[in-house]
Amino acid sequence: MASEGNFHMACDRLWRNAKLVTLAADDGGLGIIEAGAVASLKGQIVYAGPEKEMSASLSNGADVINCDGRLITPGLIDCHTHLVHAGNRAHEFELRLKGASYEEIARAGGGIASSVKALRAASEDALIKETLPRLDALMAEGVTTIEIKSGYGLDRENEIKSLRAARRLAQERNVTVRTTFLGAHALPPEAKGDKTAYIDTVINDMLPAIAAAGLADAVDGFCEGIAFSVDEMARVFDAARAHGLPVKLHADQLSNLHGAALAARYGALSADHVEYTDEAGAAAMAKAGTVAVILPGAFYFIRETQKPPIDLFRAHGVKMALATDCNPGTAPLTSLLLTMNMCATLFRMTVDECIAGVTREAARALGMLDQIGTLEVGKQCDLAIWDVERPAELVYRMGFNPLHARIWRGQ
């Protein structure tokens with residue numbers, strides 16, 4: 001399927017002699033074009049299609065790159081991360097190896113609480129310095145857009161510090177950053193177990209300040225027995241709506257509290273984890289257009305046994321994205337390529353589903369499908385160029401990175 005803007009418009013860069021994975025097929029598949037070309041002007045795609053159908057005048061004066069038959073996909077999108085954090089939780093990893101559960105560690109003051117302590121002690125500059133190597137690892141595999149959540153500050157000052165650090169990463173690197181306010185992640189120690197009072201603080205103190213400063217693109221929460229109830233999250237979502245911010249939810253990860261159905265009720269961009277989501281939740285997500293974000297890193301790392309209901313999502317037409325969930329406690333993962341392999345191996349997702357899940361559907365999960373995620377005219381020219389012959393190679397390998405070049409906004 002070819003797409004071109006003005007045939008008489010010149011471009012400034014042209015990638016030719018390539019196999020394109022456009023993700024723009026009418027059937028929702030990969031949209032492969034065997035002998036294709038992509039042209040950009042000022043960072044936007046002005047042509048993506050068969051090279052033989054491209055106007056010869058389009059490339060006049062352009063920087064032309066011969067891809068020698070390499071594969072071009074949209075730049076990869078990691079749509080769920082906790083990338084900005086301080087320290088690590090390797091000690092808790094050891095405890096889990098000795099038999100402690102995630103819940104037991106959390107209730108004993110470990111888990112998110114230990115990351116809160118570390119983040120509060122770190123300066124904004126220190127957070128950026130510690131986060132950049134994780135970001136670089138993702139970018140080295142072709143990531144051009146990343147979502148970063150707060151949620152380790154759990155008070156106004158430190159949530160703002162986290163979100164500011166996340167925003168500053170986009171000044172340090174050529175990458176698109178979307179930020180999410182995750183104040184309803186866990187109870188801080190000073191809350192002394194009072195969830196109602198803490199949610200009041202999230203709604204009446206943190207969220208207004210963060211919204212006024214323009215630091216968040218969305219609002220998230222952790223709906224779980226060890227975190228917050230459906231009713232508590234509904235209060236947060238009502239407040240987010242009042243500030244004009246879209247919502248998403250950590251839902252049904254450890255039990256079925258019907259978080260996915262709650263997310264759907266609020267028209268959430270995504271419900272994430274969703275291991276315990278039932279058929280009613282899947283049907284509600286499909287009706288609302290809420291994307292299921294599959295996070296195999298956490299499933300693997302905490303040795304979960306309840307797999308996300310991939311067949312239910314397929315049956316109901318729920319779109320599925322994949323993400324690393326990069327975080328210090330349950331998914332210290334900085335590889336979207338390995339994430340794809342894990343989804344295929346552990347959950348039997350197809351090659352097409354995995355590649356769409358880190359491009360088109362990840363863009364959908366961020367509310368950015370009009371800007372990125374497919375190779376189509378008018379979208380940002382974010383590309384990943386691979387030294388592979390077929391798309392399956394991107395999913396099949398483990399610990400091998402075949403990226404040839406990463407292009408962000410045409411450069």
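Biologist: Leaving aside its neighbours within four places in sequence, with which residues is leucine 333 in contact?
Modeller: In this predicted model, leucine 333 lies in the loop between strand S14 (320-322) and helix H12. At 11% relative accessibility leucine 333 counts as buried, the cut-off for that word being under 20%. Once its neighbours within four places in sequence are set aside, the residues in contact with leucine 333 are Gly297, Thr324, Cys326, Leu338, Thr339 and Met342.

Biologist: Is asparagine 341 buried or exposed?
Modeller: Asparagine 341 has its place in helix H12 (residues 336-347). Apart from neighbours within four places in sequence, asparagine 341 is in contact with Val395, Tyr396, Arg397 and Met398. Its relative accessible area is 8%, and because the cut-off is under 20%, asparagine 341 is classed as buried.

Biologist: How do the axes of H4 and H5 lie to each other, oblique or roughly parallel?
Modeller: Two packed helices are described by the angle between their axes and the distance between the axes. The axes of helix H4 (residues 124-139) and helix H5 (residues 156-172) come within 9 Å and cross at roughly 55°, in a crossing that is right-handed. Angles under 35 degrees count as roughly parallel and those from 65 to 115 as roughly perpendicular, and H4 and H5 are therefore oblique.

Biologist: Into which classes do the residues of the contact of H4 with H5 divide?
Modeller: On the H4 side the contact involves Glu124, Asp125, Leu127, Ile128, Thr131, Leu132 and Leu135, which meet Lys161, Arg164, Ala165, Arg168, Leu169 and Glu172 in H5. Sorted by class, these residues are six nonpolar, one polar and six charged.

Biologist: By class, which residues has the contact of H5 with H6?
Modeller: The axes of H5 and helix H6 (residues 195-212) come within 9 Å and cross at roughly 35°, and the crossing is right-handed. H5 contributes Arg156, Glu159, Ile160 and Leu163 to the contact, while H6 contributes Asp205, Met206, Ala209 and Ile210. By class, the residues of this contact are five nonpolar, no polar and three charged.

Biologist: How many disulfides does a search of the whole structure find?
Modeller: Cysteine 79 is in no disulfide, the nearest cysteine sulfur being that of cysteine 343 at 11 Å, and cysteine 79 is buried with a relative accessible area of 2%. Cysteine 343 is in no disulfide either, with the sulfur of cysteine 354 as its nearest cysteine sulfur at 5.5 Å, whereas a disulfide needs a pair of sulfur atoms within 2.5 Å. Over the whole structure, the number of disulfides found is zero.

Biologist: What is the phi of leucine 23, and where does leucine 23 lie?
Modeller: Most residues other than glycine have a negative phi. Leucine 23, which is buried at a relative accessible area of 2%, lies in the loop between strand S2 (13-21) and strand S3 (32-41). Although leucine 23 is not a glycine, its phi is positive, at about 60°.

Biologist: Near what value is the phi of aspartate 252?
Modeller: Aspartate 252 is found in the loop between strand S11 (248-251) and helix H8 (259-265), and counts as buried at 1% relative accessibility. Its phi is positive in a residue other than glycine, with a value near 55°.

Note on methods: Residues are numbered from 1 along each chain as its sequence is written. This is a predicted model: local features need pLDDT of at least 70, side-chain atom pairs count only at pLDDT 80 or more; totals for chains, interfaces and linings use all residues. Side-chain values use heavy atoms; hydrogens and water are left out. Axes are lines fitted to C-alpha atoms, for helices over the stretch in contact, and angles run from 0 to 180 degrees between N-to-C directions. Helices (H or I, at least four residues) and strands (E, at least two) are DSSP runs, numbered from the N terminus. Angles under 35 degrees count as roughly parallel, over 145 as roughly antiparallel, 65 to 115 as roughly perpendicular and the rest as oblique. A crossing is left-handed if the near helix is turned anticlockwise from the far one by less than a right angle, and right-handed if clockwise. Contact means heavy atoms within 4.5 Å. Ala, Val, Leu, Ile, Met, Phe, Trp, Tyr, Cys and Pro count as nonpolar, Asp, Glu, Lys and Arg as charged, and the others, Gly among them, as polar. Buried means under 20% relative accessible area, exposed over 50%, partly exposed in between (1.4 Å probe, protein chains only).
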